[in-house]
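I opened a new structure today and wanted to know how its charged side chains pair up. My notes follow the model.

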Amino acid sequence: GVDLNTPMPAVTAAGWINGPAVTPESFRGKVVVIDFFATWCGPCKAATPELVETAKRFQDKEVLFMALTSEEAEDLPTLQAFITKFQIPWVIGYGAEETQERFKTDYIPRVWVINKQGQVTWDSYSPGTLEDAITAAL
């Protein structure tokens, strides 16, 4: 993965669903949580309900949750079903393989936390919980 305490790599996707396209302005003054996942990935499905619960706990704070997948436009019906099934509240970027490579994310699911200064501060392999990492970044 990308080194911790380094600037967040650029986030790009072929398209966005379940919310407006993410731009550099979207991140300003926010803690950013990025979930790299795929609808066909069993561990991703298993991790999603807890992620949704965590997002709910921070919905009134300056935290932007988003997800990225390398799945493409033809997978949109599957992605839409995934969003509905898990009641996902965040925007999802599809066709985001380049971003996944910039984050050096070889395995999914993998969650990253970026602080308000745009530094990568935590990922799924770091000690502590996602909730602790978000709280620390706030």
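Entry one. I noted that the model is predicted. I counted the salt bridges and got six.

Entry two. I looked up Arg110 and found a salt bridge to Asp123, with the closest N and O atoms 2.4 Å apart. Arg110 sits in strand β5 and Asp123 in strand β6, 13 residues apart, so I noted a link between distant parts of the chain. Are the two partners buried or exposed? Arg110 is buried at 8% relative accessible area, and Asp123 is buried at 5%, because buried means under 20%.

I then checked Glu62, which forms a salt bridge with Lys116 at 3.1 Å between the closest N and O atoms. Glu62 is in the loop between α2 and β3, and Lys116 is in the loop between β5 and β6, so the pair ties together parts 54 residues apart in sequence. Glu62 is partly exposed at 44%, and Lys116 is partly exposed at 30%.

Entry four. Within helix α2 I found Glu53 and Lys56, three residues apart, about one turn of the helix. Their side chains meet in a salt bridge of 3.5 Å, N to O.

Which residues of helix α3 are buried? I listed Leu79, Phe82, Ile83 and Phe86. They lie on the same side of α3, because they cover an arc of only 100° around the axis. On the other side of α3 I found Pro77, Thr84 and Lys85 exposed.

On the surface I found a patch of negative charge made by Glu72, Glu74, Glu97 and Glu101. Glu101 belongs to helix α4 and is exposed at 54% relative accessibility.

Note on methods
Residues numbered from 1 in each chain as written. Predicted model: local features only at pLDDT ≥ 70, side-chain atom pairs only at ≥ 80, totals over all residues. Heavy atoms only, no water. Patch = residues over 30% accessible without salt bridge, like charges linked within 9 Å, V, L, I, M, F, W, Y side chains within 5 Å. Areas by Shrake-Rupley, 256 points an atom, 1.4 Å probe, with all protein chains shown as cover. Lys, Arg positive; Asp, Glu negative; His and termini not counted. Charge placed at Lys NZ, Arg CZ, Asp CG, Glu CD. Helix = DSSP H or I, 4+ residues; strand = E, 2+ residues; numbered from the N terminus. Buried < 20%, exposed > 50% of the residue type's maximum accessible area, 1.4 Å probe, protein only. Arc of directions from axis to C-beta.
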